[in-house]
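Subject: Structure for your review

Dear colleague,

Please find below the structure that I am handing over to you. I would be grateful if you could look through it alongside the notes that follow.

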Amino acid sequence: MLELNVFSIKLRFYFGFFAVIFVSFFFGSKDSLGILAALTCCLLHELGHLSAMCLLSTSPDKICFYAGGIKIIPHNNGIESREVQTIILAAGCAVNFIFAIASKLLGFNMLYNINLCLGIFNLLPFSYFDGGRILELYLPHNIKRIFALICTILLIVAFFSVNAINPAILAVFIFVSISEIFM
């Protein structure tokens, strides 16, 4: 792990983060512009969370870059009100949707697709994503698990009704579903 301190925020870079990028560039796709666009959209998503934190006077303690993505850990470990936490969690997806609309209007279809998918993906009701964490703030754990189960069933149907299944998305979905079952 590599750790840097920038403006009193610990930036942690784990080997897995770089490994995923390396594998994506060399084995996942022949379109390196698409991979760079996806990374940029992910960073915009996280900047949405950071912007909301700054506007709501909450500061991040750590930003961790790991194989599963990027995680922002607040300085006070999430003792904000549910409403503040909801705004911070929803801000990343909101930024993706805003950039999706702007990209569509400007004719950048790849950025539109990536931002739209990233925003929707992060709203899934799994604890690993913003949508699941928002549901955890307002619903009992068992009810949230029902949402996750229904979503899992719908996604399985969707995966098998589409002829082209992206192996990376399928792998993430399997990991998240298994994590949700055993949490």
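This is a predicted model: local features need pLDDT of at least 70, side-chain atom pairs count only at pLDDT 80 or more; totals for chains, interfaces and linings use all residues.

The model contains an open sheet of four strands, arranged in the order β1-β2-β3-β4 with mixed pairing. The edges are formed by β1 (2-6) and β4 (69-74); each has a single partner strand, so one side of each is left without a neighbour in the sheet. From one strand to the next, the twist averages 15°. Within the sheet, strand β2 (residues 9-13) pairs with strand β3 (residues 60-66) in the parallel sense, over four bridges. L11 has I63 of β3 as its bridge partner. Helix α2 packs on the sheet, where it touches β3 and β4, and the direction of α2 makes about 10° with that of β4.

Helices α3 and α5

Helix α3 (residues 82-106) and helix α5 (residues 130-138) have axes that come within 9 Å and cross at roughly 165°. Angles over 145 degrees count as roughly antiparallel, and α3 and α5 are therefore roughly antiparallel to each other. The crossing in which α3 passes α5 is left-handed. On the α3 side, the contact is made by R82, E83, Q85, T86, L89, A90 and C93; on the α5 side, by D130, R133, I134, L137 and Y138. The residues of this contact comprise six nonpolar, two polar and four charged.

Several residues of α5 are also buried, namely D130, G131, G132, I134 and L137. These buried residues of α5 pack against α2 (32-55), α3, α4 and α6 (141-161).

Residue N122

Which residues does N122 contact, leaving aside its neighbours within four places in sequence? They are H45, C93, F129, D130 and G131. Of these, C93 and D130 also take part in the contact of α3 with α5, and D130 and G131 are among the buried residues of α5.

Yours sincerely

How values were computed: Residues are numbered from 1 along each chain as its sequence is written. Side-chain values use heavy atoms; hydrogens and water are left out. Axes are lines fitted to C-alpha atoms, for helices over the stretch in contact, and angles run from 0 to 180 degrees between N-to-C directions. Helices (H or I, at least four residues) and strands (E, at least two) are DSSP runs, numbered from the N terminus. Angles under 35 degrees count as roughly parallel, over 145 as roughly antiparallel, 65 to 115 as roughly perpendicular and the rest as oblique. A crossing is left-handed if the near helix is turned anticlockwise from the far one by less than a right angle, and right-handed if clockwise. Contact means heavy atoms within 4.5 Å. Ala, Val, Leu, Ile, Met, Phe, Trp, Tyr, Cys and Pro count as nonpolar, Asp, Glu, Lys and Arg as charged, and the others, Gly among them, as polar. Buried means under 20% relative accessible area, exposed over 50%, partly exposed in between (1.4 Å probe, protein chains only). Two strands pair if DSSP finds at least two bridges between them.
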